[in-house]
Amino acid sequence: MQHITGIARNQMVFTSLEDSISEDNSVRFVDAFVENIDLKALGFVLQTLKTEGRPSFNTQTFLKIYLYGYLNGLRSSRKLEKEMEQSVIHEYK
């Protein structure tokens, strides 16, 4: 009797986050929307508050996370963090 065999555990598997997100997922809309608006015209400008330490994240990334949370009813930063963590972990398992 033949069985379906999985991928060997010691074999490297290359996956892409892009490939693991379905075409109709709302995250694609948010990504396209933020990528195509002029953030400078809306008042989002890069500000360097400190010269030492780690640089800040891209403003677009935070806006994408905020809009994703708004569309999905996630209002608190803790819920947003948990959702982002679970989404990435879930997509790569």
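Please keep in mind that the model is predicted. I start with the whole chain. It has 4 helices and 0 strands, and read along the sequence the pattern is α-α-α-α. Of its 93 residues, 13% count as buried. The chain exposes about 8,800 Å², and carbon and sulfur atoms supply 55% of that area. On contacts: if we take those with a separation of 6 or more, residues 24 or more positions apart account for 59% of them.

Now to helix 2, which covers residues 26-35. Which residues of helix 2 are buried? They are Arg28, Val30 and Val34. Because these residues cover an arc of only 165° around the axis, they lie on the same side of helix 2. As a reminder, an α-helix has 3.6 residues a turn, so residues three or four places apart point the same way. What do the buried residues of helix 2 pack against? Their partners are helix 1, residues 17-20, and helix 3, residues 59-71.

Next, the loop between helix 2 and helix 3. Two residues from this loop are on my list, Leu39 and Phe44.

Is Leu39 buried or exposed? Its relative accessibility is 10%, and buried means under 20%, so Leu39 counts as buried. Leaving out residues up to four places away in sequence, Leu39 touches Phe44, Gln60 and Leu63. Leu39 and Thr59 are 20 residues apart in sequence, and their C-alpha atoms are 8.7 Å apart in space.

Phe44 comes out at 36% relative accessibility and therefore counts as partly exposed. With residues up to four places away in sequence again left out, Phe44 touches Leu39 and Thr59. Phe44 and Gln60 are 16 residues apart along the chain, with 9.1 Å between their C-alpha atoms.

My last item is the second largest pocket. Its volume is about 180 Å³.

Terms used
Residues are numbered from 1 along each chain as its sequence is written. This is a predicted model: local features need pLDDT of at least 70, side-chain atom pairs count only at pLDDT 80 or more; totals for chains, interfaces and linings use all residues. Side-chain values use heavy atoms; hydrogens and water are left out. On a 1 Å grid over the protein atoms alone, a cavity is a set of points where a 1.4 Å probe fits but cannot get out, and a pocket is an open set with protein on both sides within 12 Å along at least five of seven lines; lining residues have an atom within 4 Å of a point. Grid points are joined across faces, edges and corners, and a volume is the space filled by probe spheres set on the points. Buried means under 20% relative accessible area, exposed over 50%, partly exposed in between (1.4 Å probe, protein chains only). Contact means heavy atoms within 4.5 Å. Accessible areas come from the Shrake-Rupley method with a 1.4 Å probe; for residues, only the protein chains shown count as cover. The arc is that of the directions from the helix axis to the C-beta atoms.
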